[in-house]
Amino acid sequence: KKEILTFGPICVEPEQQRRGYGKTLMEHSFTRAVELGYDAIVIFGSPANYVARGFQSCKKHRVHLEDGTYPAAMLVKELEPGTLAGKSWIYRQSPAFVFDEAEARRFDDSLPPMEKKRLPCQEAFEILSSAVLL
C-alpha cells in the first residue's frame with residue numbers, strides 16, 4: 001500500500017496559455033509533494049499535456065485499475081525514481097472524487113448562468129479514458 005497524490009485538471013485561460021503558467025503550477029506542486037513526503041503521482045489526463053512534465057504510461061509502472069486494466073489516460077510520475085519498481089499496483093480513486101450529482105447540480109444552479117459547451121479536448125479525453133493499453 002502506498003499513499004500517492006492525484007490532481008487535475010489544470011486549466012489556464014486560453015488567452016493566458018503558452019506563458020508557462022501550467023508548467024509553473026505543476027512544478028511547484030511536485031516540489032511541495034516531495035516536501036510533504038509523497039513519492040508518486042497518478043493522474044488521468046491527455047499524455048500530450050503531461051509527458052513533457054515527466055508523466056509516463058501507467059503500464060510502464062504496473063499501476064492498474066482494480067479490474068486489471070491500464071487506461072491510456074492514466075499517467076504516473078515518480079517523484080522518487082524507482083519507488084514503484086518491482087511491484088504491481090492497484091490504483092484506487094480517492095473518495096474526494098465521489099460526489100452527489102444532484103447536489104452538484106443544485107450548487108451549479110445557484111451560480112450565475114454560463115454557456116455550457118463541449119470542447120474537442122473533452123472528447124479526446126473521453127476517448128483516452130475509455131481506451132486501455134494491452
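Leaving aside residues up to four places away in sequence, histidine 61 touches Gln56, Val76, Glu78, Leu84, Lys87 and Trp89 (contact means heavy atoms within 4.5 Å). This is a predicted model, where local features need pLDDT of at least 70, side-chain atom pairs count only at pLDDT 80 or more, and totals for chains, interfaces and linings use all residues. Residues are numbered from 1 along each chain as its sequence is written, and side-chain values use heavy atoms, with hydrogens and water left out.

Histidine 61 sits in the loop between strand S2 (56-57) and strand S3 (63-64); strands are DSSP runs of E, at least two residues, and helices are runs of H or I, at least four, numbered from the N terminus. Histidine 61 has a relative accessible area of 9%, so it counts as buried (under 20%; exposed is over 50%, partly exposed in between, with a 1.4 Å probe and protein chains only).

Now for the cysteines. Cysteine 58 is buried, at 0% relative accessible area, whereas cysteine 121 is exposed at 53%. The closest cysteine sulfur to that of cysteine 121 belongs to cysteine 11, but at 8.5 Å it's too far for a bond. A disulfide takes a pair of cysteine sulfur atoms within 2.5 Å, and the count by this rule is 0.

What about the lining of the largest pocket? H4 gives the most to it, with 5 residues. By class, that lining has 20 nonpolar, 11 polar and 5 charged residues (Ala, Val, Leu, Ile, Met, Phe, Trp, Tyr, Cys and Pro are nonpolar, Asp, Glu, Lys and Arg charged, and the others, Gly among them, polar).
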